[in-house]
Amino acid sequence: MFGLANPDTFARVTRPLIAPLWVIAAGLLITGAVWAFRVPEDALQGDTVRILFIHVPAASLGLAVYGALGLSCLFYLIFRHSLADAAARAAVLPGAAYTGLALITGALWGQPMWGTWWVWDARLTSMLVLFLLYIAYAVLRGAFDDEGRAARAASVLGLVGLINLPIVKFSVDWWNTLHQPASLLRAGGTSLDPAYLWPLLIMMAAYFALFLAIWLTTLHTEIMRRRVLAMRARQAREDRHV
Amino acid sequence: MNGAGLLLRREMALAWNGGGGPLLACGFLLSLAVIVPLGAGPQLDQLANLAPGLVWLALSLASLLTLERLFERDFEDGTLDLLAMGPLADEAVVGVKVLAHWLTIGLPLALMTLPVGISLGLAPDQLPLLAVTAALGALAFSFTGGLGAALAIGARKGGLLIAVIVLPLFLPPVIFGAGALVAQADGRSPGPALALLAACVLVAGVVGVLAGAAGLRGSRT
């Protein structure tokens, strides 16, 4: 895996993956979205049950992407590979977008089902904190003139933010929340009907593929940006010697 | 006298001689407390419901505003470099500076919440618990705030940056501190919330000191 830490090797190995990933993500998204509109209405929730297919994958991926961000920060702090820092930075935008999407679709779902857009229960609050942690990382990462200093400080913060992940995950078990407890990953198997389970799994895969596509594309852009900077610097040195 | 004791004495002396010690933060807390009844209406029974939240808001803001200069001035005049060359580990430097911040700002603020609580109509038998939770909460704020201040050393923008970093990490002490007060007001035992608040302080202590030291090291290279 440390061979891949070399930006050039990483770019060469992952370059062929990017286009297929975008295609897979688009295909899965379309399949999942069409399927989501063909599932039968829920006996209690009616049509609003279809929010499930947007809301649940967004929330799961919002959490998982922060996990990826935190692990990248850990790798940066231990091994000081600039690629790990770039990976953490590239995860911010999709992660924050998924978390924001989960919060917004949650509000849109809560209004008809719970009768309120927002409650301050543990799951919703900890998701909001997750969103704020994404922002905090992004703000700190951009707050320094020195790239190395910014990477080191932001990585420490990103690592500290990992504390919030188990709190989000187990908030529905530790506190009495209006938000329902887990029904997909739980002891005794899923409580979801197969009619809903399959499109949900497809949407999960779609969100995941989309994240990977965005992540790799951003990483490639970053590697290319650094290469351009290095070439410019070399050019400037050569011009001076002439 | 060992290095840690000397550093603590220096920090205390600087806080008292340079800026009048806790007066500034306490004045800020009082000013905030005056705004609330004027904005939300002076009915004491209504204010009493808001009181725990207001006290915690004021406490966190007052801690935040004083945290900005915890490391920045020492960074600018080179004191941090001298400390790095000295015998104290970075963790000890962070721990001592945070402790000094709590002694000079946090504890006085916790005492100051008593008159503020009374003025907002909190029941008198809640005041001891208010003081205890505020003192513990201020310690957690000092630790997490020290983390934020250490990470933001040398950043282009100071105060607001630290606020955005640190405020999400302030939430657990606020939840359990205010939770203890609400539990007591409802006639339940505040013990569980108090224990969780203490746990927050311990976690903040470990994480704050370690991450703060990482921030100090990061600012040097």
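Colleague: Which residues lie nearest the centre of the largest pocket?

Modeller: Happy to start there, keeping in mind that this is a predicted model. The lining of the largest pocket takes in 45 residues. Those nearest its centre are B:Pro168, B:Leu171, B:Pro172, B:Pro173 and B:Ile175.

Colleague: Which element gives the largest share of the lining of the largest pocket?

Modeller: Both chains take part. The largest share is 14 residues, and its source is helix 8 of chain B.

Colleague: What is the volume of the largest pocket, and how many of its lining residues are nonpolar?

Modeller: Let's take the volume, which is about 1,500 Å³. The lining also has 9 polar residues and 1 charged residue. The number of nonpolar residues is 35.

Colleague: Which element gives the largest share of the lining of the second largest pocket?

Modeller: This pocket has a volume of about 1,100 Å³. It is lined by 38 residues, and A:His55, A:Val56, A:Arg123, A:His179 and A:Gln180 are the closest to its centre. Helix 2 (52-79), helix 3 (82-114), helix 4, helix 6 and helix 7 (194-241) of chain A each give two or more residues. The largest share, 8 residues, belongs to helix 3 of chain A.

Colleague: How many charged residues are in the lining of the second largest pocket?

Modeller: Sorting that lining by residue type gives 25 nonpolar and 9 polar residues. The charged residues number 4.

Colleague: Which residues of chain B lose the most area to chain A?

Modeller: The contact involves 23 residues of chain B and 19 residues of chain A. Between them the chains bury about 1,700 Å², with 73% of it on carbon and sulfur atoms. On the chain B side, three residues together account for 31% of what is buried: B:Leu151, B:Arg156 and B:Pro168.

Colleague: Is B:Ser219 buried or exposed?

Modeller: B:Ser219 lies in helix 9 of chain B. Its relative accessible area is 14%. The cut-off for buried is under 20%, so B:Ser219 counts as buried.

Colleague: Which residue has its C-alpha atom 5.8 Å from that of B:Phe143?

Modeller: B:Phe143 sits in helix 7 of chain B, and it counts as buried because its relative accessibility is 13%, where the limit is under 20%. Leaving out residues up to four places away in sequence, B:Phe143 touches B:Val98, B:Val201, B:Ala204, B:Gly205, B:Gly208 and B:Val209. The residue whose C-alpha atom is 5.8 Å away is 61 residues apart along the chain, and it is B:Ala204.

Colleague: Is A:Arg80 buried, partly exposed or exposed?

Modeller: A:Arg80 is in the loop between helix 2 and helix 3 of chain A. Its phi is near 55°, a positive value in a residue other than glycine. With a relative accessible area of 45%, between the 20% and 50% cut-offs, A:Arg80 is partly exposed.

Definitions and conventions. Residues are numbered from 1 along each chain as its sequence is written. Chains are lettered from A and ligands numbered from 1 in the order in which they are written. This is a predicted model: local features need pLDDT of at least 70, side-chain atom pairs count only at pLDDT 80 or more; totals for chains, interfaces and linings use all residues. Side-chain values use heavy atoms; hydrogens and water are left out. On a 1 Å grid over the protein atoms alone, a cavity is a set of points where a 1.4 Å probe fits but cannot get out, and a pocket is an open set with protein on both sides within 12 Å along at least five of seven lines; lining residues have an atom within 4 Å of a point. Grid points are joined across faces, edges and corners, and a volume is the space filled by probe spheres set on the points. Helices (H or I, at least four residues) and strands (E, at least two) are DSSP runs, numbered from the N terminus. Ala, Val, Leu, Ile, Met, Phe, Trp, Tyr, Cys and Pro count as nonpolar, Asp, Glu, Lys and Arg as charged, and the others, Gly among them, as polar. Buried means under 20% relative accessible area, exposed over 50%, partly exposed in between (1.4 Å probe, protein chains only). Contact means heavy atoms within 4.5 Å. Buried area is the accessible area (1.4 Å probe) that two parts lose on being put together, summed over both.
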